[in-house]
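Thanks for coming. I will go through one model this morning, chain by chain, and keep it short.

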Amino acid sequence: MLLFGLLLLLPLTNPSANTVRLLLTTAVWIITSIGWNLLGGLTGQVSFGFAVFYGLGAYATALMINAGRSPYFAFLGGIAVAVLASFLVGLPTFRLRGPYFAIATIGVGEATRVIMNNLDITGGASGYRIVEHTPFRQLEHYYSAVIIAAIALAISALVFHSKFGLALRAIKQDQEAAADLGVNPYLSKLWVHAIAAGLTGVAGGLYARYHAFIYPGDVFAFQTSIYILLMPVIGGIGTVWGPVLGGVIFGMVEEELTVHFQNTHLLLYGLLLILIILFEPDGLVGLLRRLSKKLKSRRSREDSGSNDPEQILRRRGGVEGR
Amino acid sequence: MAALKDVSFDIPEKHICGFIGPNGAGKTTLFNVITGTFRPSGGRVKLRGRDVTGMSPSALVKRGMARTHQIVRPFKGMTVLENVQVAVHYGRRAVNRTAAAREHAMDTLQLVGLDHKANLLASALSLGEQKRLEVARALATAPELLLLDEICGGLTGAETRSMMDLLHRIRESGATLMYVEHEMKAIMSVCDRITVLNFGQKLAEGKPEEIQNDEAVIEAYLGKSSFRSTPRA
């Protein structure tokens, strides 16, 4: 709440256009990150194909704006197209398990990119321009992105703490056992996929409207899918705040990395991914939890002196050296 | 090869029907066919007269059939209470409100004697406790027919005794049970009727006392030596 309030008040401090742009981009990334986390983090279905929904959301929004619709109505159109696409992708692929699902989503993503590269009505690979007949107001773009990010976070928190969220967690742990308790894994996955795709689609719409120019090599790129899954992994997969944290960090460093390590920035992401999976699978949220636990236990040890034999030993210097 | 052949039986309401047989007799396969995990190549499964053959496990739960697994499958990263809560939400009664579901889940945990561990992660439970959690989850779906697959397997003597206490309590609550078990004492003491399977076929059927004295059963399942001296078969 506080964070959100600060972000809304921020423009009062007269930030530079570039700062606003960076924050806006970050908000858009956060929305996709929150979306992916619902399917990949909470439900444990790792998808490498979220660029499909990002790109379709972007293109649908772009087409509707150019057809003279209000941009906000066009966002809704972007959501609708992304949700529809999520069912088309999900219906066959959710019959697959684990790694096979992940591989299938790569195929779907690449196929979509190739189709969009050759689709004449959107200019194919050379891209598509959006023409709005109202003056450009950066802050309007900014506010819409921040508010939608807040809504996305609220939806995510709601799902996490609902009966539905509990079923999704059960599916992540053991799909068959969940089915034996009455959960329908197939339908549950389709629904959470739809929510995730809708969020990713509106993020694509925000991006398209702000940039006023999109092309398949960007919004449908495999790289985009990787970015979308990288953020929740950095922040903490399967937690409410993880994707926000990951999105903030990614949004802030992405451009710098791309500029300074033009050829190697993907390698850096790969390395980061490996390090996180090896040492802190729960991402930054996991790291923070561990630190706060350590602090707490240290404090309680200083306060009262503990009876835990291991801690007593450690105080005597018996265990420390191992 | 058929894992099951011409096995036909009824489970009357409020009866506890036991199924025994040597390893590989087809007990677990029978379970998987009934609960929708496997689709049979022939034959029918009827629940209260309605044909439910080949229905998905989750659809069967909604119609009042629940099962436990021989090899326990708790949601290890969730608390004991949450494990049961899923079953209350998505079982036959489909309780929607979280508070009501938690309360009901707590009652079920109390029944199986795990209420004091409600907020622990399921991974922290011992095997005996995980088996009881398995039973609690199945019970929490409010089944009309409950299928128990070797819930005493691998338990210590004390754990087996407490599991049998639980079985008697479930029996008193008027449940209809289909019970597969290796542990002879358990199955003989709680079942109204016992069916013996061997090589995927029905070998014998009757009251526990009848089965214990059935020559064919003793030979196929227990060996030539007397059953009473080797209760663990």
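In chain A, 44% of the 322 residues are buried, where buried means 20 or more other C-beta atoms within 10 Å of a residue's own, exposed means 12 or fewer, and partly exposed is in between, with C-beta atoms placed from the backbone. This is a predicted model, in which local features need pLDDT of at least 70 and side-chain atom pairs count only at pLDDT 80 or more, while totals for chains, interfaces and linings use all residues. Residues are numbered from 1 along each chain as its sequence is written, and chains are lettered from A and ligands numbered from 1 in the order in which they are written.

Staying with chain A, there are 15 helices and 2 strands; helices (H or I, at least four residues) and strands (E, at least two) are DSSP runs numbered from the N terminus. The C-alpha trace of chain A spans about 75 × 55 × 40 Å along its principal axes. Of the contacts in chain A with a separation of 6 or more, 77% are between residues 24 or more positions apart, a contact being two C-beta atoms, placed from the backbone, within 7 Å.

Now chain B. Which order do the strands of its open sheet take? The 6 strands run E4-E5-E6-E1-E7-E8, with mixed pairing; two strands pair if DSSP finds at least two bridges between them. Strand E4 (65-67) and strand E8 (201-206) of chain B are the edges, each pairing on one side only. From one strand to the next, the twist averages 20°, with axes fitted to C-alpha atoms, for helices over the stretch in contact, and angles from 0 to 180 degrees between N-to-C directions.

At one end, E7 (193-198) and E8 of chain B run antiparallel and are joined by 5 bridges. Asn198(B) stands opposite Gln201(B) in E8(B). Helix H1 (27-34) of chain B lies across E1, E4, E5, E6 and E7 of that chain, at about 150° to E5(B).

Lys14(B), not a glycine, has a positive phi, near 60°. Lys14(B) sits in the segment before strand E1 (16-20) of chain B, and counts as exposed because it has 12 C-beta neighbours inside 10 Å. Ala94(B) also has a positive phi, about 45°, in the loop between helix H3 (80-90) and helix H4 (98-112) of chain B. With 15 other C-beta atoms within 10 Å, Ala94(B) is partly exposed.
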